[in-house]
Amino acid sequence: MTHRFKTRLEQALERGNYEALLDLIPYAKLIGVECTRLGDELLFRLPANKDNIGNPILPALHGGVIAGFMELSAALHLLVFAGAPGLPKIIDFSLDYLRAGQFRDTYAKCQVWRQGRRVANVAITAWQSTPAEPIATARAHFKIEEGTRP
Amino acid sequence: MTENPFLERATRFVSALRHCQVLGITVHDASGEGMTLVLPYGPHIVGDPLTGVIHGGALTSLMDTACGMATLCVLPEFEVCPTLDLRIDYMHPAAPHKPVYGFAQCYRVTTDVIFTRGFAYQDDPQQPIAHVVGTFMRMGKLLKGTQRLGNTVKGEKA
């Protein structure tokens with residue numbers, strides 16, 4: 001099982017098949033994360049899904065879902081760009097909610113500000129209408145397994 | 001009649017939150033001291049299929065909800081309190097196949113803002129798997145739809 005997962009992970013990364021990569025992570029399937037490559041960047045998308053609603057009055061996406069989406073985006077971003085050998089482990093996560101997440105598609109992009117040997121610092125921005133009007137910004141530290149992929 | 005009005009209000013509130021229903025989050029305990037929710041383990045919330053450890057996002061949903069609902073313990077009347085910010089420090093991964101408990105309390109209430117903190121644990125509250133601080137905005141009772149949700153929380157027909 002361990003070996004099969006690593007093989008599938010490597011295959012997905014080599015082929016740039018992000019759907020296969022996301023298929024490996026049950027939580028990503030639960031909230032419905034998608035990923036596409038735009039030039040040198042990765043764009044993450046969380047399609048509108050009733051199961052992700054928190055506040056029923058507005059209705060608004062659950063803040064935890066927005067956070068989970070952003071955390072997952074950051075981990076995948078590191079996996080794809082930083083050559084981490086396995087899924088990076090989250091150390092801490094700090095999130096500012098700027099606008100209510102409406103019941104519509106949400107997007108996220110990541111920026112690695114610093115990658116050391118053991119720890120990486122990643123900033124994540126999430127938006128719905130335009131990137132200039134983010135609904136949330138976050139930063140996370142991840143522990144990276146030592147040793148890079150071949 | 002119930003002996004714990006906090007618990008009843010909290011149970012009704014959490015049942016109105018769709019994503020919490022999807023995650024199976026329920027109220028474990030509620031009092032003037034704080035709120036404890038519980039997130040059951042399930043294969044659908046796994047973040048690392050190699051280890052079976054749940055994803056941080058599920059834990060964040062638990063703790064965001066716990067901190068937000070801790071405001072029910074200190075406010076005289078229901079108010080919608082959106083999250084301003086949230087920070088989670090992960091002490092160690094949650095053990096698979098066990099529920100996670102999330103405790104949160106308000107440590108300062110001002111006219112505009114509520115400061116909350118809490119922690120997530122499994123067997124032993126002394127060995128938390130994560131520490132959390134969150135700040136919430138008080139929107140008052142006048143926000144659109146607040147009364148309807150407030151009535152749901154109170155158990156009255158909307």
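Which residue of β5(A) is the bridge partner of Lys109(A)? In this predicted model, where local features need pLDDT of at least 70, side-chain atom pairs count only at pLDDT 80 or more, and totals for chains, interfaces and linings use all residues, the partner of Lys109(A) is Thr125(A). Residues are numbered from 1 along each chain as its sequence is written, while chains are lettered from A and ligands numbered from 1 in the order in which they are written.

**The sheet**

Strands here are DSSP runs of E with at least two residues, helices are runs of H or I with at least four, and both are numbered from the N terminus; two strands pair if DSSP finds at least two bridges between them.

| Strand pair | Bridges | Example of bridge partners |
|---|---|---|
| β4(A) and β5(A) | eight bridges | Lys109(A) and Thr125(A) |
| β5(A) and β6(A) | nine bridges | Trp127(A) and Pro134(A) |
| β6(B) and β7(B) | eight bridges | Tyr101(B) and Tyr121(B) |

β4(A) and β5(A) form a hairpin with three residues between them, and another hairpin joins β5(A) to β6(A) through six residues. A residue is called buried if 20 or more other C-beta atoms, placed from the backbone, lie within 10 Å of its own, exposed if 12 or fewer do, and partly exposed in between.

**Helices and a loop**

Helix α4 (residues 63–81) of chain A and helix α3 (residues 56–70) of chain B have axes that come within 8 Å and cross at roughly 150°, the axes being lines fitted to C-alpha atoms over the stretch in contact and the angles running from 0 to 180 degrees between N-to-C directions. The two helices are therefore roughly antiparallel to each other, a term for angles over 145 degrees.

In the loop between α1 (2–15) and α2 (18–23) of chain A lies Gly16(A), which counts as exposed because it has 12 C-beta neighbours inside 10 Å. Gly16(A) is 79 residues from Leu95(A) in sequence and 29 Å from Leu95(A) in space, C-alpha to C-alpha.

Note on methods:
Parallel < 35°, antiparallel > 145°, perpendicular 65-115°, else oblique.
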